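Dear colleague,

Here is the structure I promised to hand over. Please open it alongside this email.

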Amino acid sequence: MDRASGIPGPRRRRIATWSAATALALSVAGLATTPASAADVNNVKNAGYESGLAGWTCTAASGTTVSSPVHSGSAALKATPAGQDNAQCTQSVAVKPNSTYTLSAWVQGGYSYLGVTGTGTTDVSTWTPDSSSWKQLSTTFTTGASTTSVTVYTHGWYGQAAYYADDVSVYGPDGGGGGDPAPTVPSAPGGLSVSGTTSSSVSLSWAAVSGATGYNVYRDGTKVTAVTGTSATVTGLSASTSYSFQVTATNSAGESAKSATVTGTTTATGGGGGGGGGTLPKHAVTGYWQNFNNGATVQKLSDVPASYDIIAVAFADATTTPGAVSFNLDSAGLGGYTVDQFKADIKAKQAAGKKVIVSIGGQNGTVSISDSTSAANFANSVWSLMQTYGFDGVDIDLENGLNATYMTQALRSLSSKAGSSLIITMAPQTIDMQSTSNSYFQTALNIKDILTVVNMQYYNSGSMLGCDGKVYSQGSVDFLTALACIQLQGGLSPSQVGLGLPASTSAAGSGYVSPTVVNNALDCLAKGTGCGSFKPARTYPDLRGAMTWSTNWDATSGNAWSGSVGAHVHGMP
């Protein structure tokens, strides 16, 4: 969320310009790869950028090679979008007609796209949002009867961070272009560890293996799942039970030996659908309180209406210590509001049954949690803020993506310190919750037993896919209900799903809807009434409620949003 204006920072990206066609590209992602035959080769030249950009052509001056981070070898591509340049790098690859190929690459950093044109049949592409660790993109294509070459490309997205690419491959019949040699069987993964547990799941992570295109996960000697990244969550386990786990690395040449064994023990059974929250009401309203003056009504916490059950203080700030955060009350910008008054107001809100949490993110809140050390720093610093100010918990609103493995580790560490009363909320963008493979969604599922609510932001988004595979535009009941359905069908408890909307037209660049539309969407999901053209297959009467940015912009509009939506949420059965 942006301190300089009413528009939340993460939502000011050019994501808002994405079209329905872009959203439909999501349906390409996740296609199963076709195993290569023994005669197959990688037809890409300089696939790992070990020879610089030889064989590759990048737009403008966007592309270069770097020695870190790399997926394997000693080099990788770094390409930086700028202005109208999306940092595209291409290579013409020799192929055989009427043949099927597997296109893949490992990517990291900003939004990353991988695709192929000139196939003579159907050109394909796949992509992923921000990723703080290496992630494999993969899809397949078939050449036409007269196709002897195709153009493979990678690119980022306008105005986004630089992306990294490595180990690009077009595996299939030898096209005669002299591509890189076929792979050998990878070595066994190292560094396998347990990154988190619930009463029914164990989360694992391990180090990437050079030349691997995927990994198999074994529980007690039996393969239970296959993934392309370096983490996995094994579900369907019994509470308070120990399991042994091993991982192997795979590619078209075969499967490695198994890794060393680690043991993971599930926690005791929790209640209900999981999630923290202490004494929150069944249906709750969340509002962000601005610790800065950006033209909206300046408030003290005591000015926030009683219709808000969770007040997220925006924002904590990053520090020079990796992963750690601090909080600094903007007393001058808030008319002389003192720290002592602020602390007293937190206590008063809590005495009235409200929860006050600190939000991590926003314009000045870029926090990177990319290893165990930064995860520990995050947990320790948030716990310190909770003790100092009396916060009930934390809200995750990070702009630059997150690492699901280490964010999970950080939040579980915080939970072990704070106990079952800890409030954990999340405020992802719509793009972050389109698939359970996205880092935000993975994190939410990883901490389901301690998660309070995910208030996805249904604004500054553009068109997105609903759970029925259709494309919906923001600003309608259907957009809210069809996208919430993805979370509800993807594994979150209804009590962990909230609808996040701006309080006024000034609070966001686009996507504002009237309180009536919000209320209709809540009724559609909870009761099956008030729906648009989309109607969920079932109702979710335990739906948590709604969120707004911000209590300040709400006050600027005479508290019209909380007056209507707040009353409606609290009136839900």
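This is a predicted model: local features need pLDDT of at least 70, side-chain atom pairs count only at pLDDT 80 or more; totals for chains, interfaces and linings use all residues.

Cores first. The largest nonpolar core has 103 residues. Among those with the most contacts inside it are W289, F342, F378 and F391. Helix 6 (residues 477-489) supplies the largest share of this core, nine residues. A second, separate core has 26 residues, including A79, L114, L137 and V152.

Now the rings. The whole structure holds 22 aromatic pairs. One of them is Y288 with W549, a tilted pair at 5.7 Å centre to centre and 50° between the planes. It links distant parts of the chain: Y288 is in strand 20 and W549 in strand 30, 261 residues apart. Y288 is buried at 1% relative accessibility, and W549 is buried at 0%. W289 and Y337 are edge-to-face, because their planes lie at 70°, with centres 6.2 Å apart. Both W289 and Y337 are buried. They also belong to one aromatic cluster with F327, F342, Y389 and F391. K343 lies over the face of Y389, 5.6 Å from the ring centre.

Last, Q246 in strand 17 (residues 242-251). Q246 counts as buried because its relative accessibility is 19%, and the cut-off is under 20%. Its side chain makes a polar contact with the side chain of T261, at 3.3 Å. Q246 also touches Y218 and K258, among others. The charged end of K258 sits over the ring of Y218, 4.3 Å from its centre.

Best wishes

Technical notes. Residues are numbered from 1 along each chain as its sequence is written. Side-chain values use heavy atoms; hydrogens and water are left out. A nonpolar core is a set of buried Ala, Val, Leu, Ile, Met, Phe, Trp, Tyr and Cys residues joined through side-chain atoms within 4.5 Å. Buried means under 20% relative accessible area, exposed over 50%, partly exposed in between (1.4 Å probe, protein chains only). Helices (H or I, at least four residues) and strands (E, at least two) are DSSP runs, numbered from the N terminus. A polar contact is a pair of N or O atoms within 3.5 Å; within protein, one must be able to donate a hydrogen and the other to accept it, and residues adjacent in sequence count only if both atoms are side-chain atoms. Contact means heavy atoms within 4.5 Å. Rings of Phe, Tyr and Trp (its six-membered ring) pair if their centres lie within 6.5 Å; planes under 30 degrees apart count as stacked, over 60 as edge-to-face and the rest as tilted. A charge sits over a ring if NZ of Lys or CZ of Arg is within 6 Å of the ring centre and within 35 degrees of the ring normal. Lists of a residue's contacts leave out its neighbours within four places in sequence.
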